Amino acid sequence: MKKYINLFDFSQKVNYRIEILSGLTVALALVPEAVAFAFLADLPPLIGLYAAFVMGIVTAVLGGRPGMISGATGAVAVVIVSLAQSHGIEYIFATVVLAGIIQIVAGLLRLGKLMRLVPHPAIFGFVNGLAIIIFMAQLDQFKNPDTGAWLTGQSLLLFGGLVLVTMAIIWGLPRLTKAVPASLVAILTVFGIVAALGIETTTVGDLASIAGGFPPFHIPQVPFSFGTLSVIAPYALVVAGVGLIESLLTLNIIDEITETRGRGNKEAVAQGAANILSGFLSGMGGCAMLGQSLINISAGARARLSGIVAAIMLLVFIMFGSSLIELVPMAALTGLMIMVAVGTFEWASLRTFGKMPKSDLLVMVLVTLVTIFLHNLALAVIVGVIIAALNFAWESAKRIRARKHVDAQGVKHYEIYGPLFFGSVAVFNEKFDVLGDPDEIVIDFRESRVVDMSAIEALNKLTERYHRVGKRVHLQHLSKDSRQLLNKADAIIEVNLVEDPTYKVAVDQPA
(Lines give C-alpha, C1' and ligand atoms only; values in the text may rest on other atoms or scores of the structure.)
Protein backbone atom coordinates (compact mmCIF):
# COMPACT_ATOMS: atom_id res chain seq x y z
CA MET A 1 0.00 0.00 0.00
CA LYS A 2 2.90 2.34 0.72
CA LYS A 3 3.84 2.19 -2.96
CA TYR A 4 0.53 3.78 -3.94
CA ILE A 5 -0.40 5.98 -0.97
CA ASN A 6 2.55 7.56 0.78
CA LEU A 7 1.15 10.66 2.43
CA PHE A 8 4.25 11.96 4.11
CA ASP A 9 6.95 10.29 2.03
CA PHE A 10 8.63 8.45 4.91
CA SER A 11 11.14 7.07 2.39
CA GLN A 12 12.84 10.47 2.28
CA LYS A 13 13.72 13.21 4.72
CA VAL A 14 10.90 15.74 4.91
CA ASN A 15 11.22 19.28 6.21
CA TYR A 16 7.80 19.55 7.84
CA ARG A 17 8.12 23.27 8.55
CA ILE A 18 8.85 24.05 4.90
CA GLU A 19 6.10 21.71 3.70
CA ILE A 20 3.47 23.26 5.96
CA LEU A 21 4.44 26.88 5.31
CA SER A 22 4.70 26.27 1.58
CA GLY A 23 1.28 24.62 1.58
CA LEU A 24 -0.16 27.64 3.38
CA THR A 25 1.35 29.98 0.78
CA VAL A 26 -0.09 27.92 -2.06
CA ALA A 27 -3.51 27.93 -0.38
CA LEU A 28 -3.48 31.73 -0.20
CA ALA A 29 -2.53 31.99 -3.87
CA LEU A 30 -5.15 29.40 -4.88
CA VAL A 31 -8.05 31.53 -3.67
CA PRO A 32 -8.01 34.37 -6.24
CA GLU A 33 -7.03 32.03 -9.08
CA ALA A 34 -9.85 29.59 -8.36
CA VAL A 35 -12.33 32.46 -8.17
CA ALA A 36 -11.00 34.02 -11.38
CA PHE A 37 -11.16 30.72 -13.28
CA ALA A 38 -14.73 30.14 -12.10
CA PHE A 39 -15.69 33.56 -13.45
CA LEU A 40 -13.89 32.71 -16.69
CA ALA A 41 -16.06 29.59 -17.02
CA ASP A 42 -19.18 31.63 -16.20
CA LEU A 43 -19.68 29.69 -12.95
CA PRO A 44 -20.17 30.72 -9.30
CA PRO A 45 -16.86 31.29 -7.44
CA LEU A 46 -17.46 28.45 -4.97
CA ILE A 47 -17.51 25.99 -7.88
CA GLY A 48 -13.91 26.91 -8.63
CA LEU A 49 -12.89 26.78 -4.97
CA TYR A 50 -14.48 23.36 -4.46
CA ALA A 51 -12.67 22.09 -7.54
CA ALA A 52 -9.36 23.45 -6.24
CA PHE A 53 -9.85 21.64 -2.92
CA VAL A 54 -10.91 18.29 -4.40
CA MET A 55 -8.31 18.28 -7.19
CA GLY A 56 -5.62 19.35 -4.75
CA ILE A 57 -6.27 16.77 -2.02
CA VAL A 58 -6.80 13.77 -4.31
CA THR A 59 -3.75 14.36 -6.50
CA ALA A 60 -1.58 15.20 -3.50
CA VAL A 61 -2.40 11.82 -1.98
CA LEU A 62 -2.59 9.63 -5.08
CA GLY A 63 -0.60 11.51 -7.72
CA GLY A 64 2.62 10.52 -9.36
CA ARG A 65 4.56 13.71 -8.61
CA PRO A 66 5.01 14.77 -4.95
CA GLY A 67 5.07 18.54 -4.64
CA MET A 68 2.93 19.20 -7.70
CA ILE A 69 -0.27 21.20 -7.14
CA SER A 70 -3.57 20.64 -8.94
CA GLY A 71 -6.73 22.70 -8.94
CA ALA A 72 -9.18 24.60 -11.11
CA THR A 73 -7.32 25.91 -14.16
CA GLY A 74 -7.82 28.40 -16.94
CA ALA A 75 -7.19 25.75 -19.59
CA VAL A 76 -10.23 23.76 -18.43
CA ALA A 77 -12.31 26.91 -17.89
CA VAL A 78 -11.79 27.99 -21.49
CA VAL A 79 -13.05 24.61 -22.70
CA ILE A 80 -16.23 24.43 -20.63
CA VAL A 81 -17.42 28.05 -20.73
CA SER A 82 -19.54 27.58 -23.87
CA LEU A 83 -21.17 24.45 -22.39
CA ALA A 84 -21.94 26.32 -19.16
CA GLN A 85 -23.60 29.10 -21.13
CA SER A 86 -25.60 26.80 -23.40
CA HIS A 87 -26.64 23.95 -21.06
CA GLY A 88 -25.98 25.07 -17.51
CA ILE A 89 -23.95 23.99 -14.51
CA GLU A 90 -25.32 20.44 -14.22
CA TYR A 91 -23.88 19.53 -17.61
CA ILE A 92 -20.51 20.85 -16.41
CA PHE A 93 -20.55 18.40 -13.50
CA ALA A 94 -21.45 15.51 -15.81
CA THR A 95 -18.72 16.52 -18.27
CA VAL A 96 -16.09 16.63 -15.53
CA VAL A 97 -17.06 13.13 -14.35
CA LEU A 98 -16.82 11.72 -17.88
CA ALA A 99 -13.48 13.48 -18.43
CA GLY A 100 -12.19 11.85 -15.25
CA ILE A 101 -13.21 8.41 -16.48
CA ILE A 102 -11.36 9.04 -19.77
CA GLN A 103 -8.23 10.10 -17.87
CA ILE A 104 -8.29 6.98 -15.70
CA VAL A 105 -8.58 4.80 -18.81
CA ALA A 106 -5.63 6.70 -20.36
CA GLY A 107 -3.56 6.10 -17.24
CA LEU A 108 -4.43 2.40 -17.05
CA LEU A 109 -3.50 2.03 -20.73
CA ARG A 110 -0.17 3.71 -19.89
CA LEU A 111 -0.63 6.47 -22.43
CA GLY A 112 1.49 8.78 -20.30
CA LYS A 113 4.49 7.52 -22.25
CA LEU A 114 3.19 9.49 -25.25
CA MET A 115 4.58 12.61 -23.57
CA ARG A 116 7.96 11.41 -24.79
CA LEU A 117 6.83 12.45 -28.26
CA VAL A 118 6.62 16.11 -27.20
CA PRO A 119 9.81 17.81 -28.43
CA HIS A 120 11.77 20.09 -26.13
CA PRO A 121 11.07 23.24 -28.21
CA ALA A 122 7.35 22.57 -27.74
CA ILE A 123 7.87 22.41 -23.97
CA PHE A 124 9.80 25.69 -24.14
CA GLY A 125 6.94 27.25 -26.11
CA PHE A 126 4.32 25.89 -23.72
CA VAL A 127 6.15 27.20 -20.66
CA ASN A 128 6.86 30.60 -22.18
CA GLY A 129 3.30 31.00 -23.40
CA LEU A 130 1.91 30.04 -20.01
CA ALA A 131 4.27 32.50 -18.29
CA ILE A 132 3.06 35.29 -20.56
CA ILE A 133 -0.58 34.35 -19.90
CA ILE A 134 0.02 34.41 -16.15
CA PHE A 135 1.67 37.83 -16.43
CA MET A 136 -1.02 39.28 -18.69
CA ALA A 137 -3.74 38.05 -16.34
CA GLN A 138 -2.23 40.17 -13.57
CA LEU A 139 -2.60 43.34 -15.63
CA ASP A 140 -6.34 43.32 -14.96
CA GLN A 141 -5.55 44.04 -11.33
CA PHE A 142 -4.20 47.42 -12.43
CA LYS A 143 -7.70 48.41 -13.56
CA ASN A 144 -10.57 49.91 -11.62
CA PRO A 145 -12.90 46.99 -10.78
CA ASP A 146 -15.98 49.22 -11.24
CA THR A 147 -15.16 51.08 -14.46
CA GLY A 148 -12.55 48.83 -16.05
CA ALA A 149 -10.29 51.85 -16.64
CA TRP A 150 -6.58 51.74 -15.87
CA LEU A 151 -5.56 53.01 -12.45
CA THR A 152 -4.00 56.46 -12.40
CA GLY A 153 -2.47 58.86 -9.94
CA GLN A 154 -2.32 57.90 -6.27
CA SER A 155 -4.28 54.65 -6.77
CA LEU A 156 -1.73 53.43 -9.29
CA LEU A 157 1.20 54.46 -7.11
CA LEU A 158 -0.21 52.71 -4.03
CA PHE A 159 -1.13 49.50 -5.83
CA GLY A 160 2.07 49.44 -7.88
CA GLY A 161 4.15 50.16 -4.81
CA LEU A 162 2.63 47.25 -2.89
CA VAL A 163 3.22 44.98 -5.86
CA LEU A 164 6.86 46.04 -6.03
CA VAL A 165 7.30 45.48 -2.27
CA THR A 166 5.93 41.95 -2.72
CA MET A 167 8.21 41.24 -5.65
CA ALA A 168 11.26 42.65 -3.84
CA ILE A 169 10.69 40.43 -0.82
CA ILE A 170 10.19 37.32 -2.98
CA TRP A 171 13.36 38.15 -4.91
CA GLY A 172 15.55 39.21 -2.01
CA LEU A 173 14.58 37.11 1.01
CA PRO A 174 15.88 33.76 -0.37
CA ARG A 175 19.30 35.42 -0.71
CA LEU A 176 19.28 36.05 3.04
CA THR A 177 17.49 32.98 4.37
CA LYS A 178 15.40 30.07 3.15
CA ALA A 179 14.05 29.22 6.59
CA VAL A 180 10.56 30.40 5.59
CA PRO A 181 8.89 30.68 2.16
CA ALA A 182 9.52 34.13 0.74
CA SER A 183 6.06 34.20 -0.84
CA LEU A 184 4.33 33.79 2.53
CA VAL A 185 6.50 36.47 4.12
CA ALA A 186 5.71 38.83 1.24
CA ILE A 187 1.94 38.31 1.56
CA LEU A 188 1.99 38.79 5.34
CA THR A 189 4.23 41.87 5.07
CA VAL A 190 1.99 43.62 2.55
CA PHE A 191 -1.08 42.60 4.57
CA GLY A 192 0.52 44.22 7.64
CA ILE A 193 1.45 47.40 5.76
CA VAL A 194 -2.08 47.84 4.45
CA ALA A 195 -3.63 47.18 7.87
CA ALA A 196 -1.20 49.40 9.78
CA LEU A 197 -1.44 52.37 7.43
CA GLY A 198 -5.12 51.95 6.61
CA ILE A 199 -4.44 51.90 2.87
CA GLU A 200 -7.52 51.61 0.67
CA THR A 201 -6.75 48.94 -1.93
CA THR A 202 -8.40 46.04 -3.70
CA THR A 203 -8.71 42.85 -1.65
CA VAL A 204 -9.70 39.26 -2.36
CA GLY A 205 -13.18 40.00 -1.01
CA ASP A 206 -13.67 42.56 -3.78
CA LEU A 207 -13.60 39.73 -6.34
CA ALA A 208 -16.28 37.66 -4.60
CA SER A 209 -17.17 36.12 -1.29
CA ILE A 210 -15.44 32.81 -0.65
CA ALA A 211 -17.60 31.81 2.32
CA GLY A 212 -19.11 28.34 2.08
CA GLY A 213 -19.36 24.89 3.66
CA PHE A 214 -17.91 21.49 2.88
CA PRO A 215 -18.39 20.60 -0.81
CA PRO A 216 -21.84 19.00 -1.01
CA PHE A 217 -22.20 15.59 -2.64
CA HIS A 218 -24.32 16.05 -5.72
CA ILE A 219 -25.20 13.66 -8.56
CA PRO A 220 -25.36 15.70 -11.80
CA GLN A 221 -29.01 16.35 -12.62
CA VAL A 222 -28.92 15.57 -16.33
CA PRO A 223 -30.94 13.08 -18.40
CA PHE A 224 -29.14 9.76 -18.59
CA SER A 225 -29.54 9.38 -22.34
CA PHE A 226 -27.54 9.16 -25.54
CA GLY A 227 -28.52 12.75 -26.27
CA THR A 228 -26.80 13.94 -23.10
CA LEU A 229 -23.75 11.84 -23.90
CA SER A 230 -23.55 13.35 -27.38
CA VAL A 231 -23.54 16.82 -25.81
CA ILE A 232 -20.96 16.27 -23.08
CA ALA A 233 -18.64 13.73 -24.77
CA PRO A 234 -16.82 16.22 -27.07
CA TYR A 235 -16.22 18.58 -24.16
CA ALA A 236 -15.16 15.71 -21.89
CA LEU A 237 -12.61 14.49 -24.44
CA VAL A 238 -11.07 17.96 -24.74
CA VAL A 239 -11.09 18.51 -20.96
CA ALA A 240 -9.41 15.13 -20.45
CA GLY A 241 -6.83 15.83 -23.15
CA VAL A 242 -6.06 19.35 -21.98
CA GLY A 243 -5.85 18.18 -18.39
CA LEU A 244 -3.47 15.34 -19.15
CA ILE A 245 -1.24 17.40 -21.42
CA GLU A 246 -0.94 20.26 -18.93
CA SER A 247 -0.48 17.88 -16.00
CA LEU A 248 2.17 15.72 -17.65
CA LEU A 249 4.06 18.72 -19.02
CA THR A 250 4.03 20.25 -15.55
CA LEU A 251 5.24 16.92 -14.15
CA ASN A 252 8.14 16.89 -16.61
CA ILE A 253 9.10 20.47 -15.73
CA ILE A 254 9.06 19.72 -11.99
CA ASP A 255 11.11 16.60 -12.70
CA GLU A 256 13.78 18.75 -14.34
CA ILE A 257 13.82 21.26 -11.49
CA THR A 258 14.02 18.66 -8.73
CA GLU A 259 16.17 16.21 -10.73
CA THR A 260 13.81 13.39 -9.81
CA ARG A 261 11.33 11.35 -11.80
CA GLY A 262 7.56 11.41 -11.42
CA ARG A 263 5.17 8.71 -12.61
CA GLY A 264 3.06 9.96 -15.49
CA ASN A 265 0.57 7.11 -15.69
CA LYS A 266 -0.06 7.21 -11.95
CA GLU A 267 -0.63 10.96 -12.22
CA ALA A 268 -3.12 10.40 -15.07
CA VAL A 269 -5.14 7.99 -12.90
CA ALA A 270 -5.02 10.43 -9.97
CA GLN A 271 -6.16 13.31 -12.18
CA GLY A 272 -9.05 11.18 -13.41
CA ALA A 273 -10.10 10.17 -9.90
CA ALA A 274 -9.90 13.81 -8.79
CA ASN A 275 -12.09 14.99 -11.67
CA ILE A 276 -14.69 12.30 -11.02
CA LEU A 277 -14.89 13.26 -7.36
CA SER A 278 -14.91 16.95 -8.31
CA GLY A 279 -17.93 16.41 -10.53
CA PHE A 280 -19.80 14.73 -7.67
CA LEU A 281 -18.74 17.40 -5.16
CA SER A 282 -19.93 20.43 -7.11
CA GLY A 283 -16.56 21.32 -8.65
CA MET A 284 -15.64 22.47 -12.15
CA GLY A 285 -12.74 20.05 -12.46
CA GLY A 286 -9.17 20.94 -13.34
CA CYS A 287 -5.64 19.64 -13.66
CA ALA A 288 -2.09 20.36 -12.52
CA MET A 289 -1.22 24.04 -12.12
CA LEU A 290 2.24 25.04 -13.29
CA GLY A 291 2.24 28.40 -11.50
CA GLN A 292 1.15 27.01 -8.13
CA SER A 293 3.48 24.03 -8.50
CA LEU A 294 6.40 26.38 -9.09
CA ILE A 295 5.43 28.42 -6.01
CA ASN A 296 5.46 25.20 -4.00
CA ILE A 297 8.70 23.85 -5.41
CA SER A 298 10.52 27.19 -5.24
CA ALA A 299 9.59 27.40 -1.55
CA GLY A 300 11.46 24.14 -0.98
CA ALA A 301 8.55 21.68 -0.84
CA ARG A 302 9.32 18.21 -2.19
CA ALA A 303 6.81 15.90 -0.49
CA ARG A 304 3.08 15.24 -0.65
CA LEU A 305 2.48 17.01 2.65
CA SER A 306 2.62 20.49 1.09
CA GLY A 307 -0.15 19.68 -1.38
CA ILE A 308 -2.30 18.14 1.35
CA VAL A 309 -1.81 21.19 3.58
CA ALA A 310 -2.66 23.53 0.69
CA ALA A 311 -5.93 21.73 -0.05
CA ILE A 312 -6.97 21.45 3.61
CA MET A 313 -6.12 25.08 4.33
CA LEU A 314 -8.10 26.16 1.28
CA LEU A 315 -11.12 24.32 2.69
CA VAL A 316 -10.50 25.93 6.09
CA PHE A 317 -10.47 29.34 4.41
CA ILE A 318 -13.78 28.57 2.72
CA MET A 319 -15.50 27.22 5.84
CA PHE A 320 -14.03 29.28 8.68
CA GLY A 321 -11.57 31.93 7.54
CA SER A 322 -13.29 33.57 4.61
CA SER A 323 -13.70 36.92 6.37
CA LEU A 324 -9.94 37.11 7.05
CA ILE A 325 -8.79 35.83 3.67
CA GLU A 326 -11.08 38.29 1.91
CA LEU A 327 -8.98 41.07 3.48
CA VAL A 328 -5.73 39.91 1.82
CA PRO A 329 -4.61 42.67 -0.60
CA MET A 330 -4.75 41.69 -4.24
CA ALA A 331 -1.52 43.64 -4.71
CA ALA A 332 0.33 40.97 -2.71
CA LEU A 333 -1.11 38.14 -4.77
CA THR A 334 -0.52 40.08 -7.98
CA GLY A 335 3.15 40.57 -7.10
CA LEU A 336 3.42 36.89 -6.22
CA MET A 337 1.96 35.77 -9.56
CA ILE A 338 4.17 38.19 -11.52
CA MET A 339 7.21 36.64 -9.88
CA VAL A 340 5.81 33.21 -10.74
CA ALA A 341 5.53 34.32 -14.36
CA VAL A 342 9.12 35.59 -14.31
CA GLY A 343 10.31 32.31 -12.83
CA THR A 344 8.21 30.23 -15.22
CA PHE A 345 9.56 31.83 -18.38
CA GLU A 346 12.46 29.90 -19.89
CA TRP A 347 14.87 32.80 -20.32
CA ALA A 348 17.49 30.40 -21.63
CA SER A 349 15.27 29.81 -24.67
CA LEU A 350 15.95 33.39 -25.84
CA ARG A 351 19.62 32.54 -26.20
CA THR A 352 18.79 29.74 -28.62
CA PHE A 353 17.79 32.14 -31.39
CA GLY A 354 20.39 31.87 -34.12
CA LYS A 355 21.82 28.71 -32.56
CA MET A 356 18.98 26.19 -32.77
CA PRO A 357 17.70 24.77 -36.10
CA LYS A 358 15.08 26.99 -37.69
CA SER A 359 12.51 24.21 -37.47
CA ASP A 360 12.94 24.02 -33.67
CA LEU A 361 12.62 27.78 -33.37
CA LEU A 362 9.45 27.66 -35.47
CA VAL A 363 7.98 25.01 -33.15
CA MET A 364 8.85 27.02 -30.05
CA VAL A 365 7.44 30.29 -31.39
CA LEU A 366 4.24 28.75 -32.77
CA VAL A 367 3.48 26.88 -29.55
CA THR A 368 4.05 30.09 -27.60
CA LEU A 369 1.73 32.11 -29.88
CA VAL A 370 -1.04 29.49 -29.87
CA THR A 371 -0.83 29.30 -26.08
CA ILE A 372 -1.01 33.09 -25.70
CA PHE A 373 -3.73 33.94 -28.20
CA LEU A 374 -5.94 30.84 -28.08
CA HIS A 375 -5.36 29.84 -24.44
CA ASN A 376 -5.57 26.26 -25.71
CA LEU A 377 -2.61 24.40 -24.28
CA ALA A 378 -3.60 21.07 -25.81
CA LEU A 379 -3.84 22.56 -29.29
CA ALA A 380 -0.54 24.38 -28.81
CA VAL A 381 1.31 21.20 -27.90
CA ILE A 382 -0.36 19.21 -30.68
CA VAL A 383 0.69 21.87 -33.21
CA GLY A 384 4.26 21.63 -31.93
CA VAL A 385 4.31 17.83 -32.13
CA ILE A 386 2.88 17.80 -35.67
CA ILE A 387 5.36 20.35 -36.98
CA ALA A 388 8.28 18.58 -35.32
CA ALA A 389 7.11 15.21 -36.67
CA LEU A 390 6.73 16.55 -40.21
CA ASN A 391 10.17 18.13 -40.05
CA PHE A 392 11.68 14.88 -38.78
CA ALA A 393 9.98 12.93 -41.58
CA TRP A 394 11.27 15.40 -44.16
CA GLU A 395 14.84 15.27 -42.87
CA SER A 396 14.75 11.47 -42.61
CA ALA A 397 13.39 11.19 -46.16
CA LYS A 398 16.43 13.03 -47.49
CA ARG A 399 18.87 10.75 -45.70
CA ILE A 400 18.21 7.45 -47.45
CA ARG A 401 21.25 6.29 -49.43
CA ALA A 402 22.22 3.31 -51.59
CA ARG A 403 25.80 2.07 -51.97
CA LYS A 404 26.15 0.06 -55.19
CA HIS A 405 28.65 -2.52 -56.43
CA VAL A 406 28.80 -5.62 -58.69
CA ASP A 407 30.44 -8.77 -57.29
CA ALA A 408 32.57 -11.37 -59.11
CA GLN A 409 29.48 -13.37 -60.11
CA GLY A 410 27.95 -10.37 -61.85
CA VAL A 411 25.33 -9.77 -59.17
CA LYS A 412 24.61 -6.10 -58.41
CA HIS A 413 24.29 -5.17 -54.73
CA TYR A 414 22.34 -2.19 -53.37
CA GLU A 415 23.25 -1.52 -49.72
CA ILE A 416 20.52 0.71 -48.32
CA TYR A 417 21.23 3.25 -45.55
CA GLY A 418 18.46 5.12 -43.75
CA PRO A 419 14.81 4.29 -42.98
CA LEU A 420 12.42 3.31 -45.77
CA PHE A 421 9.02 4.86 -45.05
CA PHE A 422 6.36 6.95 -46.75
CA GLY A 423 8.59 10.02 -46.91
CA SER A 424 11.62 8.32 -48.43
CA VAL A 425 9.88 6.03 -50.94
CA ALA A 426 10.30 8.41 -53.88
CA VAL A 427 14.02 8.88 -53.26
CA PHE A 428 14.41 5.11 -52.75
CA ASN A 429 12.86 4.31 -56.14
CA GLU A 430 15.25 6.71 -57.88
CA LYS A 431 18.26 4.65 -56.73
CA PHE A 432 17.51 1.70 -59.05
CA ASP A 433 18.26 1.23 -62.76
CA VAL A 434 15.81 -1.54 -63.67
CA LEU A 435 16.68 -1.71 -67.39
CA GLY A 436 20.43 -1.26 -66.96
CA ASP A 437 20.93 -3.67 -64.04
CA PRO A 438 22.13 -7.29 -64.53
CA ASP A 439 19.75 -10.24 -64.35
CA GLU A 440 20.19 -10.64 -60.62
CA ILE A 441 20.36 -7.99 -57.91
CA VAL A 442 20.55 -7.98 -54.10
CA ILE A 443 19.01 -5.27 -51.91
CA ASP A 444 20.68 -5.30 -48.49
CA PHE A 445 18.73 -3.80 -45.54
CA ARG A 446 21.45 -4.38 -42.92
CA GLU A 447 21.67 -0.60 -42.30
CA SER A 448 18.04 0.16 -43.06
CA ARG A 449 14.59 -0.63 -41.80
CA VAL A 450 11.26 -1.10 -43.57
CA VAL A 451 8.97 1.06 -41.46
CA ASP A 452 5.43 1.17 -42.87
CA MET A 453 3.01 -0.04 -45.54
CA SER A 454 4.19 2.61 -47.98
CA ALA A 455 7.65 1.01 -47.81
CA ILE A 456 6.20 -2.49 -48.26
CA GLU A 457 4.23 -1.38 -51.31
CA ALA A 458 7.34 0.30 -52.75
CA LEU A 459 9.22 -3.00 -52.49
CA ASN A 460 6.34 -4.87 -54.10
CA LYS A 461 6.25 -2.50 -57.04
CA LEU A 462 10.04 -2.51 -57.41
CA THR A 463 10.25 -6.30 -57.52
CA GLU A 464 7.38 -6.39 -60.00
CA ARG A 465 9.26 -3.97 -62.27
CA TYR A 466 12.33 -6.21 -62.25
CA HIS A 467 10.18 -9.31 -62.78
CA ARG A 468 8.56 -7.83 -65.89
CA VAL A 469 11.97 -7.55 -67.57
CA GLY A 470 13.01 -11.07 -66.49
CA LYS A 471 15.26 -10.17 -63.58
CA ARG A 472 15.37 -11.58 -60.05
CA VAL A 473 15.57 -9.66 -56.77
CA HIS A 474 17.02 -10.88 -53.46
CA LEU A 475 16.25 -8.98 -50.26
CA GLN A 476 18.73 -9.47 -47.45
CA HIS A 477 18.60 -8.64 -43.75
CA LEU A 478 14.91 -7.80 -43.92
CA SER A 479 13.07 -8.16 -40.61
CA LYS A 480 10.72 -11.10 -40.17
CA ASP A 481 7.61 -8.96 -39.68
CA SER A 482 8.31 -7.07 -42.90
CA ARG A 483 8.85 -10.28 -44.86
CA GLN A 484 5.49 -11.57 -43.74
CA LEU A 485 3.84 -8.50 -45.22
CA LEU A 486 5.44 -9.06 -48.63
CA ASN A 487 2.91 -11.72 -49.59
CA LYS A 488 2.06 -10.12 -52.91
CA ALA A 489 5.62 -10.65 -54.12
CA ASP A 490 6.34 -14.01 -52.52
CA ALA A 491 6.71 -15.78 -55.88
CA ILE A 492 9.41 -13.45 -57.16
CA ILE A 493 11.20 -12.30 -54.00
CA GLU A 494 13.88 -14.49 -52.46
CA VAL A 495 14.73 -13.50 -48.91
CA ASN A 496 17.96 -14.63 -47.29
CA LEU A 497 16.75 -16.25 -44.06
CA VAL A 498 20.18 -17.19 -42.78
CA GLU A 499 21.63 -13.71 -42.41
CA ASP A 500 18.50 -11.99 -41.18
CA PRO A 501 18.82 -10.85 -37.58
CA THR A 502 16.19 -11.53 -34.97
CA TYR A 503 14.30 -8.34 -34.24
CA LYS A 504 12.91 -7.70 -30.78
CA VAL A 505 10.44 -5.01 -29.76
CA ALA A 506 11.58 -2.85 -26.89
CA VAL A 507 9.09 -2.71 -24.05
CA ASP A 508 8.64 0.68 -22.41
CA GLN A 509 9.08 0.81 -18.66
CA PRO A 510 6.08 2.10 -16.68
CA ALA A 511 6.15 5.86 -16.41
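**Helix α5**

I began with the length of helix α5 (residues 120-138) in this predicted model. At 1.5 Å a residue, its 19 residues should span 27 Å. I found the end C-alpha atoms 28 Å apart, which agrees. I then looked up how covered the helix is: 14 of the 19 residues of α5 are buried, so I noted the helix as mostly covered.

**Salt bridges**

I searched the whole structure for salt bridges and got six. I looked at several of the pairs one by one.

I took Arg65 and Asp255 to start with; their closest N and O atoms are 2.5 Å apart, and the two form a salt bridge. Arg65 lies in the loop between α2 (45-62) and β1 (70-71), and Asp255 lies in helix α9 (residues 226-258), so the pair ties together parts that are 190 residues apart in sequence. Are these two residues buried or exposed? I found that both Arg65 and Asp255 are buried.

I went on to Lys143, which forms a salt bridge with Asp140. The closest N and O atoms of this pair are 3.8 Å apart; the cut-off is 4 Å, so the pair counts. Lys143 has a relative accessibility of 27% and counts as partly exposed. Asp140 is partly exposed too, with a relative accessible area of 48%.

I also looked up Glu395 and Arg399, whose side chains meet in a salt bridge at 3.1 Å, N to O. Glu395 has a relative accessible area of 26% and is partly exposed. Arg399, with a relative accessible area of 51%, is exposed; the boundary for exposed is over 50%, so Arg399 passes it. I noted that Lys398 belongs here as well: Glu395, Lys398 and Arg399 are linked in a network of salt bridges.

**Glu33, without a partner**

Side chains of opposite charge can pair when their charged atoms come close. I wanted to know which side chain of opposite charge is nearest to Glu33. The nearest is Lys143, 18 Å away. I placed Glu33 in helix α1 (residues 16-40). Leaving aside neighbours within four places in sequence, I listed its contacts as Met289, Gln292 and Met337.

**Leu24, on helix α1**

I then looked up Leu24, which is also in helix α1. Its relative accessibility is 25%, and Leu24 counts as partly exposed. What is Leu24 in contact with, once neighbours within four places in sequence are left aside? I found Leu184, Val309, Met313 and Phe317. I also checked Leu24 against Leu324: the two are 300 residues apart in sequence and 14 Å apart in space, C-alpha to C-alpha.

**A nonpolar patch**

Last, I looked at the surface. I found a nonpolar patch formed by Val342, Trp347, Leu350, Phe353, Val365, Leu369, Phe373, Leu374 and Leu379. Together these residues have about 850 Å² of accessible area. Which helix gives the most to the nonpolar patch? Helix α15 (residues 358-374) does, with four residues. I looked up one member, Trp347, in more detail: I placed Trp347 in the loop between α14 (330-344) and α15. Trp347 has a relative accessible area of 48% and is partly exposed; a patch needs residues with over 30%, so Trp347 clears that cut-off.

Notes:
Residues numbered from 1 in each chain as written. Predicted model: local features only at pLDDT ≥ 70, side-chain atom pairs only at ≥ 80, totals over all residues. Heavy atoms only, no water. Helix = DSSP H or I, 4+ residues; strand = E, 2+ residues; numbered from the N terminus. Buried < 20%, exposed > 50% of the residue type's maximum accessible area, 1.4 Å probe, protein only. Lys, Arg positive; Asp, Glu negative; His and termini not counted. Contact = heavy atoms within 4.5 Å. Patch = residues over 30% accessible without salt bridge, like charges linked within 9 Å, V, L, I, M, F, W, Y side chains within 5 Å. Areas by Shrake-Rupley, 256 points an atom, 1.4 Å probe, with all protein chains shown as cover. Expected span 1.5 Å × (residues − 1).
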